[in-house]
Amino acid sequence: MNFGPVTLLLIAVTVIVSWQAFEKPALLGRLILWPPAVDRYKQYDRLITHGFIHADWQHLIFNMITLFFFGAGIERAFAPYIGPVGFALFYLSAILVAILPTYLRHRHDPGYRSLGASGAVSAVLFASILINPWQLLLVFFIPMPAIVFGVAYIGYSIWMDKRGGDNVNHSAHLWGAGYGMLFTVMMEPRIVGAFLARLMSPSF
């Protein structure tokens, strides 16, 4: 089985950097997205580095398991079009695109911070849903068609983004999901027709 070398590399780097940040608060403080540091001190790298650190092991493991199961498939699907380097750039650009609305909203808020790979992982996940909407996902050990999960995920993220108060950046999830689908369609416009055809012919 081809696990996807770029996917495994991204997971390895994220686990190592997150682990080091758990042990070294100063490193966490330098890599986390703190909008005023970007605005005042021109530390633009934070718009990417925040995607390689996590709040705790549970946060890290959840994101990396999702990336492991869906990243390799998208890496293979994208390979004929953009190759392995292109897939890596897709992932990194997803980190950036997913966080930009949050950064602009909190640009002058010294009390705001954000971290985690969720935006990029959402981009990978929803690219996968677009390619194979009826694949079965295990959601809390319950089999669920990917398209059903995707609709529920988007609805929940919109609701929680408006509600707020749970310290989760739902906006990044939404923008990452949208970017993953848009990138896939721009790369291969015929995927829209294929998606609609598959949607009308459920198979599990």
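Rings of Phe, Tyr and Trp (its six-membered ring) form a pair if their centres lie within 6.5 Å, and planes under 30 degrees apart count as stacked, over 60 as edge-to-face and the rest as tilted. By this rule the count comes to 12 aromatic pairs. The model is predicted, so local features need pLDDT of at least 70 and side-chain atom pairs count only at pLDDT 80 or more, while totals for chains, interfaces and linings use all residues. Residues are numbered from 1 along each chain as its sequence is written, and side-chain values use heavy atoms, with hydrogens and water left out.

Select phenylalanine 90 and phenylalanine 183, whose ring centres are 4.7 Å apart with planes at 45 degrees, so the pair is tilted. Phenylalanine 90 lies in helix 5 and phenylalanine 183 in helix 8 (residues 170-187), so the pair ties together parts that are 93 residues apart in sequence; helices here are DSSP runs (H or I, at least four residues), numbered from the N terminus. Phenylalanine 90 is buried, with a relative accessible area of 1%, where buried means under 20%, exposed over 50% and partly exposed in between, with a 1.4 Å probe and protein chains only.

Phe78, Phe87, Phe90, Tyr179 and Phe183 form one aromatic cluster.

Leucine 115 counts as partly exposed, at 25% relative accessibility. Leaving aside neighbours within four places in sequence, leucine 115 is in contact (heavy atoms within 4.5 Å) with residues including Leu28, His50 and His59.

How values were computed:
Helices (H or I, at least four residues) and strands (E, at least two) are DSSP runs, numbered from the N terminus.
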